[in-house]
Amino acid sequence: MSPTVIGVTLAVAAAVALNASYLMQHAGSSGAAAVDPRRPLFTLASLLRSPIWAAGGAIGVTGWALHIGAMREAPLSLVQAFVAGGLALTAPMAAIGLRRRPAPGEAQAVGLMVLALVLLSIGLGGVGRHAAFAAAALAAWLAGLALAAVVLAVGTGGPRRPLALGLAGGLLYGAADLAFKAVTGLHGARTIVTSPWLAVGLACTVGAFFAFQRGLQADRPVAVIALMTAATNVSSIAGALVVFGDPLGRTPALAVAHALAFALVFVAAWRLAPAQAGLVETPTDAAAPAP
């Protein structure tokens with residue numbers, strides 16, 4: 001089995017774990033205090049009082065470890081696409097768990113996601129890890145994403161603030177994934193621990209967590225999730241192609257197929273956001289006005 005196939009397999013497992021964690025954490029956070037980045041310890045303690053949230057956090061850490069393992073073995077663009085493919089699980093989970101019929105277009109979105117992953121699977125065997133990058137290029141890309149996230153989070157107020165926080169969280173999650181991809185090319189525990197990319201990745205993850213969680217506590221979870229998902233996918237996959245030089249395909253035909261697949265991932269992920277939001281709505285959320 002090639003390293004890329006191993007990486008894709010780990011990405012699929014990470015997608016399952018991360019989606020399960022996401023649902024459990026949000027189900028357990030309904031009685032928690034409002035997320036406040038100015039009081040991180042208080043916020044975390046409030047969340048950890050919920051056994052469901054704590055269990056979801058443990059599963060999330062497992063998913064994160066699988067995600068890192070996937071990035072070590074396969075190109076980041078493919079890993080991100082297959083992790084996003086985990087959203088295809090949300091529509092049937094919502095139909096079973098919430099006992100509702102899939103919304104119009106959700107079944108088609110699942111089909112698009114499956115088609116995208118099938119197209120991306122073509123020619124995987126000959127693809128390398130593609131962890132080589134120029135430090136200046138990666139630093140510039142990460143700085144651009146972080147600056148955009150700060151401007152959105154700080155400079156947007158009023159009813160659009162939750163949407164801006166979702167978008168900012170997605171940009172920071174995308175930046176974190178790119179930084180962690182850089183770490184996977186390092187060798188030796190000391191080199192990894194002292195790497196600036198590890199520190200940047202952790203900082204972006206913390207910032208993304210608070211921005212996204214705060215955005216979800218507003219009354220428009222569907223739009224917040226959709227913007228977060230889209231921003232994460234676009235920023236990380238584009239960065240993988242530009243900074244890490246991930247190839248679209250070894251032949252012109254494969255390049256076209258893979259480019260189409262990435263576009264389908266974005267469209268399907270956006271369309272499946274309502275199903276994902278429905279799974280994490282609390283009774284109060286469900287009574288809130290639709291976005």
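The second largest pocket of this predicted model has a volume of about 390 Å³. A pocket here is an open set of points on a 1 Å grid over the protein atoms alone, with protein on both sides within 12 Å along at least five of seven lines; the volume is the space filled by probe spheres set on the points, which are joined across faces, edges and corners. Its lining takes in 20 residues, with Pro-37, Arg-161, Leu-165, Ala-211 and Arg-214 nearest the centre. Helix 7, helix 8 (161-183) and helix 10 (196-216) are the elements that give two or more residues to that lining. A residue counts as lining if it has an atom within 4 Å of a point.

Ser-195 is classed as buried because its relative accessibility is 5%, the cut-off for buried being under 20% relative accessible area with a 1.4 Å probe, protein chains only. Leaving aside residues up to four places away in sequence, Ser-195 touches Val-183 and Leu-186, where a contact means heavy atoms within 4.5 Å.

As for the overall fold, there are 13 helices and 0 strands, both taken as DSSP runs numbered from the N terminus (helices H or I, at least four residues; strands E, at least two). Buried residues make up 46% of the 291 in the protein. Among contacts with a separation of 6 or more, 83% join residues 24 or more positions apart. The accessible surface comes to about 13,000 Å², and 72% of that belongs to carbon and sulfur atoms (Shrake-Rupley method, 1.4 Å probe).

Helix 3 (residues 51-73) spans 34 Å from first C-alpha to last over its 23 residues, close to the expected 33 Å, a figure worked out as 1.5 Å times one less than the number of residues. Its buried residues include Gly-56, Gly-57, Gly-60 and Gly-63, along with Trp-53 and His-67.

On confidence, the average pLDDT (the predictor's confidence in each residue, from 0 to 100) is 78, and 75% of the residues score at least 70. Helix 7 (residues 135-155) has the highest mean of the elements, 95, while helix 13 (residues 283-286) has the lowest, 44. Over residues 282-291 pLDDT stays under 50, and the model has 9 contacts beyond four places in sequence for this stretch.

Residues are numbered from 1 along each chain as its sequence is written. Local features need pLDDT of at least 70 and side-chain atom pairs 80 or more, whereas totals for chains, interfaces and linings use all residues, and side-chain values use heavy atoms, leaving out hydrogens and water.

Methods
Buried < 20%, exposed > 50% of the residue type's maximum accessible area, 1.4 Å probe, protein only. 1 Å grid on protein atoms, 1.4 Å probe; cavity = no way out; pocket = protein on both sides within 12 Å on 5 of 7 lines; lining within 4 Å.
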